[in-house]
Amino acid sequence: MTHLELMKDVSYVGYVDFEVRNFHGYSTHKGSSYNAYIVKSGDKTVLIDAVKRPYFEYFLNNIKHVCDPKEIDYFIVNHVEPDHSGSFPLILKYLPNAEVIASTRGKEILELQYHEEIEKENFEKIRTVKEGDTLDIGNGKQFAFVPIPMIHWPDSMVSFMTDKNGKNILFSNDAFGQHLATSKRWDDENDLSEIMWEAEKYYANILLHLSGLIAKALPKVGALPIEIICPSHGICWRTHIGKIIEAYKKWSAGEIDEKSVIIVYDTMWGSTEKIAKALYKELTHRGIRVKRFRLTNADYSDVITEAMKAKAILVGSPTLNNGLYPLVAEYLSYQKGLKPMNKIGMAFGSYGWGGGAVKEIIKELEATKIDVMDEKIEIKFVPKPEELDFEKIVDKLIQKMG
């Protein structure tokens with residue numbers, strides 16, 4: 001077995017990116033990977049997905065270590081987002097005998113994305129597949145295609161390979177992935193707690209707003225006799241498949257920690273911070289699990305991961321120019337796009353001569369479909385000790401949390 005072989009007849013030809021720290025606004029503290037695979041049946045050779053364009057040469061060299069690119073018979077494009085298809089126009093030149101396979105929307109988006117580099121007749125040759133379509137590559141190996149539109153692009157699909165002489169593999173593209181760079185490709189070769197945290201963060205920041213669609217798609221995926229999952233980012237699953245599928249069921253259903261609160265705020269001269277810390281103190285005295293984030297020092301990607309799990313989100317801001325402090329406004333916009341489910345919200349803040357921030361927080365939370373408490377906290381200038389007595393408002397919060 002070479003360093004690229006995952007198992008008999010299946011090789012990894014992607015790129016592991018230890019350096020990346022930002023993925024279109026989502027922090028990747030532990031890097032990422034752009035996974036691509038080659039499957040051989042003896043009769044046919046299949047390439048599954050590509051890599052981000054800057055890493056094309058690594059991708060091409062990996063393919064050449066596995067086979068002559070001219071021997072590739074099929075090139076399956078599960079998803080057209082450029083971290084997976086950026087190398088598509090470049091690798092096509094090396095695949096003169098390969099038939100490209102994509103969903104119907106995938107074919108459309110490939111042309112919209114790469115019409116400047118690829119002649120129209122090449123797009124016309126792409127084979128489109130729908131649910132139920134199959135590809136037999138011989139020696140007991142067959143692919144079935146399952147479109148999963150809007151999880152998380154209109155073109156998205158997964159490819160499921162059954163193998164009478166080996167393992168059944170789900171090539172899941174963005175589903176079940178993690179932004180995690182590691183030289184070891186399997187779940188049981190890495191720290192499971194680290195993998196699950198990165199999978200949870202990935203879900204919260206990329207897929208959370210699609211939870212309704214994911215909940216509907218999971219039974220279809222779960223019904224497949226899956227033995228291996230090979231996603232497009234992070235490690236592959238062979239030992240803990242049940243754990244990651246159950247986690248997706250929980251996340252997509254909006255299951256939460258009923259006694260968990262996060263406090264998200266920022267402060268200019270310390271008054272809003274005093275409120276945040278007083279709320280934290282009162283909540284922890286009641287046995288509530290609380291995490292507190294000052295946005296100047298926090299990472300939105302990490303905060304939204306905690307918000308996904310919490311029952312209540314308390315947001316605080318000083319008033320600046322009759323409105324929100326910029327970092328609070330930015331976070332609330334980010335949170336609104338991801339639509340965390342089943343949440344209670346509360347607004348707090350401080351002001352000088354004129355308020356405005358608390359009103360704007362309430363507006364943003366309501367736009368996110370968060371159940372906002374009638375009670376709010378607005379304190380003028382520096383809070384007095386008696387103004388930081390939050391026993392009654394925390395009583396009401398706990399009562400609302402159930």
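Modeller: Helix 7 (residues 211-222) and helix 8 (residues 241-252) pack at an angle of about 140°, and their axes are 9 Å apart. Helices here are DSSP runs of H or I with at least four residues, strands are runs of E with at least two, and both are numbered from the N terminus. The axes are lines fitted to C-alpha atoms, for helices over the stretch in contact, and angles run from 0 to 180 degrees between N-to-C directions.

Colleague: Is this an experimental structure or a predicted model?

Modeller: It's a predicted model, where local features need pLDDT of at least 70 and side-chain atom pairs count only at pLDDT 80 or more, while totals for chains, interfaces and linings use all residues. Residues are numbered from 1 along each chain as its sequence is written, and side-chain values use heavy atoms, leaving out hydrogens and water.

Colleague: Back to the pair, then. Which way does the crossing of helix 7 and helix 8 go, left-handed or right-handed?

Modeller: Helix 7 crosses helix 8 in a left-handed way. Left-handed means the near helix is turned anticlockwise from the far one by less than a right angle, and right-handed means clockwise.

Colleague: Which residues of helix 7 and helix 8 meet?

Modeller: From helix 7 you have S211, I214, A215 and L218, and they meet Y248, K249, W251 and S252 of helix 8. Contact means heavy atoms within 4.5 Å. By class, this contact of helix 7 with helix 8 has five nonpolar, two polar and one charged residues. For the classes, Ala, Val, Leu, Ile, Met, Phe, Trp, Tyr, Cys and Pro are nonpolar, Asp, Glu, Lys and Arg are charged, and the others, Gly among them, are polar.

Colleague: New topic: holes. How many cavities of 30 Å³ or more are there in the whole structure?

Modeller: Four. On a 1 Å grid over the protein atoms alone, a cavity is a set of points where a 1.4 Å probe fits but cannot get out, a pocket is an open set with protein on both sides within 12 Å along at least five of seven lines, and lining residues have an atom within 4 Å of a point. Grid points are joined across faces, edges and corners, and a volume is the space filled by probe spheres set on the points.

Colleague: What lines the largest cavity?

Modeller: The largest cavity has a volume of about 100 Å³, and its lining is I148, I151, V158, A175, F176, I214, A217, L218, V221 and Y248. Helix 7 gives the most to that lining, with four residues. By class, the lining has 10 nonpolar, no polar and no charged residues.

Colleague: And the second largest cavity, what volume does it have?

Modeller: About 50 Å³. The second largest cavity is lined by L208, W251, G254, E255, I256, M308, P340, M341 and K343, which divide into six nonpolar, one polar and two charged.

Colleague: How much space lies in the largest pocket?

Modeller: About 350 Å³. It has 18 lining residues, and the closest to the centre of the pocket are M268, W269, T319, Y351 and G352. Helix 9 (271-285) and strand 20 (344-351) are the elements that give two or more residues to the lining. The lining of the largest pocket divides into eight nonpolar, 10 polar and no charged residues.

Colleague: One more helix pair. At what angle do helix 11 and helix 12 cross?

Modeller: Helix 11 (residues 326-338) and helix 12 (residues 357-367) cross at roughly 15°, and their axes come within 9 Å. That makes helix 11 roughly parallel to helix 12. The cut-offs are under 35 degrees for roughly parallel, over 145 for roughly antiparallel, 65 to 115 for roughly perpendicular, and oblique for the rest. Helix 11 passes helix 12 in a right-handed crossing. L332, Q335 and K336 of helix 11 make the contact with I361, E364, L365 and A367 of helix 12.
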